[in-house]
Amino acid sequence: MATRIRPSSKRCAVIGGSGFLGRHLVEKLVDRGYSVSVFDIRQSYELPGVSFHQGDLCDKQALLSALEDVSLVFHCASPAPASDDRLLFERVNIKGTQTVIQACIDAGVQKLVLTSSASVVFEGTDVKNGKEDLPYAKRPIDYYTQTKIEQEKLVLKACDQQKGFLTVAIRPHGIFGPRDPQLVPTLVDAARQGKMKFIIGDGTNLVDFTYVENVVHGHILAAECLRADSPICGKPYHITNDEPVRFWDFMSEILVGLGYAAPRFHLPYGLVYGIALLLWLLTWILRPFMSFKPTFTPMRVALAGTYHYYSCERAKEHLGYKPVVSLKEGIKRTVESYPQLRRGA
Ligand SMILES: NC(=O)c1ccc[n+]([C@@H]2O[C@H](COP(=O)([O-])OP(=O)(O)OC[C@H]3O[C@@H](n4cnc5c(N)ncnc54)[C@H](O)[C@@H]3O)[C@@H](O)[C@H]2O)c1
Ligand SMILES: CC(C)CCC[C@@H](C)[C@H]1CC[C@H]2C3=C(CC[C@]12C)[C@@]1(C)CC[C@H](O)[C@@](C)(C(=O)O)[C@@H]1CC3
């Protein structure tokens, strides 16, 4: 009888490897001697030692050809949260993740590491030092988060130590760093339109912003610790910078670093949230006639005016996690990486 050759443990696939986090992950994996296949609906770069497979993760056949001889899969693909497209989130994050799980099992993949989000427990009210045992949000802040909850449940439930299919979920929060397409660009866009003069609330709310290399580090540690006898099987892990910071101090540092003025005037949280809600309702009603994307959506206002920081003690204990880049250094590297977004550029 022919024996099936076990895929090399250094051969992995990154689904969503063309994205912001995915590409940083691919680069680090290559540095660490992994051979990497990227699966994504688009190809955004080329890198020696990396093979690209273009396809939709909802297509099992396309996935199967990228997963040949792969023992470890990272799933960090998702539609952009700002798209606010409920059907797309459901198709890709829920149905697509079911397809990813099935394709992994069919291809003989042994480990699946999902990029989830700490926001799966966030309902728009304060979370201080939240641990992984907090219940999933009953009223998530948006469709994106709603589907991230379902996605995480599916992946963790699929963990089967007997059958040798092991899963784990990483929950980062507020990822930032070079090439991030949303946080810094949105902030600068708002500043250029003169919308970053105000602080929502009293400005003391602490939040987590996590430098992308720390998130990558958490993923690789989780993959390398994932074994049939390890306590991490089927569990979620918060990965943060472990340095909660005032939301408005963080925004101000980025803005000032890029040559813009820091926000100064305070506005009451309830008032701004109410206006954002009204605007959102109005754009929803007028959707058939005009397309207008408000900067201050209820979700952004909730994130800007509440506490949301999470404990990464469990990751420290089980994965040996410790941030590798401090917040200060992360901000410096991020600001330097965006010369095109500097004031006057
Ligand atoms: N950016 C953050 O602050 C943050 C925080 C917590 C969790 N996350 C999670 O991290 C992951 C990566 O986020 P990111 O910020 O790098 O986003 P990104 O948009 O830069 O990358 C996502 C990638 O997924 C790909 N993709 C989307 N739909 C696909 C499909 N149907 N088939 C194949 N590929 C598809 C995109 O082409 C893109 O390259 C996501 O799962 C996101 O939910 C992000
Ligand atoms: C008030 C200003 C106009 C704010 C401008 C910055 C804003 C665009 C970012 C501040 C917090 C960010 C954030 C996400 C997107 C960009 C921000 C709103 C996030 C919703 C992206 C998806 C993630 O999964 C997330 C939910 C997470 O858990 O990390 C993000 C939360 C923070």
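Helix packing, sheet and ligand shells in a predicted model

Modeller: In this predicted model, H5 and helix H7 (residues 247-257) pack with their axes 11 Å apart, at an angle of about 75 degrees.

Biologist: Are H5 and H7 roughly parallel or roughly perpendicular to each other?

Modeller: The angle between H5 and H7 is about 75 degrees. Angles from 65 to 115 degrees count as roughly perpendicular. H5 and H7 are therefore roughly perpendicular.

Biologist: Which residues of H7 are met by H5?

Modeller: On the side of H5, the residues in the contact are Val184, Leu187 and Ala191. By class, this contact has six nonpolar residues, no polar and no charged ones. The residues met in H7 are Met251, Ile254 and Leu255.

Biologist: How many residues does H5 give to the shell around ligand 2?

Modeller: Around ligand 2 there are 16 residues, and Ser117, Ser119, His173, Gly174 and Thr186 come nearest. Helix H5 (183-192) and helix H9 (298-305) are the elements that give two or more residues to this shell. The largest share comes from H5, and it is four residues.

Biologist: How many residues of the shell around ligand 2 are charged?

Modeller: The shell divides by class, with eight nonpolar and seven polar residues. What is left in the charged class is one residue.

Biologist: H9 also gives residues to that shell. Are H8 and H9 roughly parallel or roughly antiparallel to each other?

Modeller: Helix H8 (residues 269-285) packs with H9 at an angle of about 165 degrees, their axes being 8 Å apart. The crossing is left-handed. Angles over 145 degrees count as roughly antiparallel. H8 and H9 are therefore roughly antiparallel.

Biologist: Which residues of H9 does H8 meet?

Modeller: H8 brings Tyr269, Val272, Tyr273, Ala276, Leu277 and Trp280 to the contact. The residues of this contact divide into nine nonpolar, one polar and no charged.

Biologist: Which element gives the largest share of the shell around ligand 1?

Modeller: Ligand 1 has 26 residues around it, of which Gly16, Gly19, Phe20, Leu21 and Ala77 come nearest. The elements that give two or more residues to this shell are H1 and helix H3 (86-107). By class, the shell has 13 nonpolar, nine polar and four charged residues. The largest share, three residues, comes from H1.

Biologist: Is H1 oblique or roughly perpendicular to H6?

Modeller: The axes of helix H1 (residues 20-31) and helix H6 (residues 212-225) come within 9 Å, crossing at roughly 60 degrees. That angle makes the placing of H1 relative to H6 oblique.

Biologist: Is the crossing of H1 and H6 left-handed or right-handed?

Modeller: In the contact, Leu21, His24, Leu25 and Lys28 of H1 meet residues of H6, including Val212, Glu213 and His219. As for the hand, H1 passes H6 in a crossing that is right-handed.

Biologist: Which strands stand at the edges of the open sheet?

Modeller: The open sheet has seven strands in the order S3-S2-S1-S4-S5-S7-S12, with parallel pairing. From one strand to the next, the twist averages 20 degrees. A strand at the edge has a single partner strand, so one side of it is left without a neighbour in the sheet. The edge strands are S3 (50-54) and S12 (236-239).

Biologist: What is the bridge partner of Pro172 in S12?

Modeller: Strand S7 (residues 166-172) and S12 run parallel and are joined by four bridges. In S12, the bridge partner of Pro172 is Ile239.

Biologist: Which helix lies across S5, S7 and S12?

Modeller: S5 (111-115), S7 and S12 are among the strands of the open sheet. The helix across them spans residues 143-157 and runs at about 150 degrees to S7. That helix is H4.

Notes. Residues are numbered from 1 along each chain as its sequence is written. Chains are lettered from A and ligands numbered from 1 in the order in which they are written. This is a predicted model: local features need pLDDT of at least 70, side-chain atom pairs count only at pLDDT 80 or more; totals for chains, interfaces and linings use all residues. A residue is near a molecule or strand if its C-beta atom, placed from the backbone, lies within 6 Å of it. Ala, Val, Leu, Ile, Met, Phe, Trp, Tyr, Cys and Pro count as nonpolar, Asp, Glu, Lys and Arg as charged, and the others, Gly among them, as polar. Axes are lines fitted to C-alpha atoms, for helices over the stretch in contact, and angles run from 0 to 180 degrees between N-to-C directions. Angles under 35 degrees count as roughly parallel, over 145 as roughly antiparallel, 65 to 115 as roughly perpendicular and the rest as oblique. A crossing is left-handed if the near helix is turned anticlockwise from the far one by less than a right angle, and right-handed if clockwise. Two residues are in contact if their C-beta atoms, placed from the backbone, lie within 7 Å. Two strands pair if DSSP finds at least two bridges between them.
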